[in-house]
Amino acid sequence: MNSKESMEVEELKEKLDNWKYILLPVNNLLEWEQKYAPFLIISFNFLVFGLIWFYNPSILTIVAIMGLVTLLLETAVPVLVSYFVKSNDWTPKSEAKYTRICERLSNFQAHVINFKTKLENTRKERQPLYFLILFFFFVFCAYVGQMVDNLLLTFLAVMLMTLTPGARRHRLLPKTLNKIKKTLGLANPAQKYHSN
C-alpha cells in the first residue's frame, strides 16, 4: 500500500470512527464468521422484503422510511456507542479488523473511480464501442425489468450484495464450480492423476 492509499485509509478511519463499534459485528455477520450468519442474512432480507410485499407501500413511502431509518441511525448510533461502549473494550485485534474494513472500503471506492475513468476514456477514444456497449446493456436491463417484477429484482440484488462477502471469504464459487466439474466429468486430467 502506497502513502496515498494509506492516507485515504486513515481519512476513512477517522470519518467512520463513531461507527467502528457497529462496523465490526456487521462485518463479522457479512463475512459469515459464525455458521448461522447466512441464515440470519437471508432471514432478515426475507423479513424486510416480505413486509414490503405485504404492505405494498409506494416508492415515496419506501424512500421516506429509508430516510427516517438513516436519520435515526446517524443520530442514535454515536450517542448509544458513547453511552454503552467503553473505550477499553477496543483491542489491538479490533483495531486491525477495523483497519482491514477501511482498506477494503477504500479499495472499493478506488475500483468505482477507476471504472468511471475507464468508461469516460472509452467514451472519448472509442465512441462507437461505448455507444454499443451501453445501448445493449440498457436494452437488456429494460427487457429484464419488463419481464421480472421490480420487487423480485431488488430482492435478488440485495441478496447478492449481502451474501457475496461471506461467499468470497469462504471461496464458495470455486468450490461449487469444482464440484460441478467433477460431477460432469470435466475435471482437469492432471487433477485426476493426482487424486488417484
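Reader: Where is the place of W32?

Author: In this predicted model, W32 sits in the loop between α2 and α3.

Reader: What makes the phi of W32 worth a remark?

Author: Phi of W32 is near 60°, which is a positive value in a residue other than glycine. Most residues other than glycine have a negative phi.

Reader: What is the phi of R171, and where is the place of that residue?

Author: Phi of R171 is near 50°, again positive in a residue that is not glycine. R171 is placed in the loop between α7 and α8.

Reader: Which residues gather with R171 in a patch on the surface, and of what charge?

Author: K175, K179 and K182 gather with R171 in a patch of positive charge. K182 lies in helix α8, residues 172–184.

Reader: How do you know whether K182 is buried or exposed?

Author: Its relative accessible area is 64%, and K182 is therefore exposed, the cut-off being over 50%. T183, also found in helix α8, counts as exposed at 68% relative accessibility.

Reader: How far is T183 from Q146 in sequence and in space?

Author: T183 and Q146 are 37 residues apart in sequence, and their C-alpha atoms are 36 Å apart in space.

Reader: Which residues make the patch of negative charge on the surface?

Author: E5, E8, E11 and E14 gather there. E14 is in helix α1, residues 3–15. With a relative accessible area of 66%, E14 is exposed.

Reader: What makes R100 and E31 a salt bridge?

Author: The closest N and O atoms of R100 and E31 are 3.4 Å apart. The cut-off for a salt bridge is within 4 Å, so the pair qualifies. The pair links distant parts of the chain: R100 is in helix α5 (residues 92–125), E31 is in the loop between α2 (20–30) and α3, and 69 residues separate them.

Reader: What makes E31 and R169 a salt bridge?

Author: The side chains of E31 and R169 meet at 3.8 Å, N to O. That value is within 4 Å, so the pair counts as a salt bridge. R169 counts as partly exposed at 43% relative accessibility.

Reader: Where do K116 and E120 lie, and how many residues apart?

Author: Both K116 and E120 lie in helix α5, four residues apart, which is about one turn of the helix. They form a salt bridge, with the closest N and O atoms 3.7 Å apart. K116 is exposed, at 51% relative accessible area. E120 is partly exposed, at 31%.

Reader: How many disulfides does a search of the whole structure find?

Author: The search finds zero disulfides. A disulfide is a covalent bond between the sulfur atoms of two cysteines. As for cysteines, C102 is buried, with a relative accessible area of 0%. C141 counts as partly exposed at 35%.

Reader: Which residues make the nonpolar surface patch?

Author: F44, L47, L51, W53, F54 and Y55 make a nonpolar patch of about 800 Å². L47 is found in helix α3, residues 37–55.

Technical notes. Residues numbered from 1 in each chain as written. Predicted model: local features only at pLDDT ≥ 70, side-chain atom pairs only at ≥ 80, totals over all residues. Heavy atoms only, no water. Patch = residues over 30% accessible without salt bridge, like charges linked within 9 Å, V, L, I, M, F, W, Y side chains within 5 Å. Areas by Shrake-Rupley, 256 points an atom, 1.4 Å probe, with all protein chains shown as cover. Lys, Arg positive; Asp, Glu negative; His and termini not counted. Charge placed at Lys NZ, Arg CZ, Asp CG, Glu CD. Helix = DSSP H or I, 4+ residues; strand = E, 2+ residues; numbered from the N terminus. Buried < 20%, exposed > 50% of the residue type's maximum accessible area, 1.4 Å probe, protein only. Disulfide = S-S within 2.5 Å.
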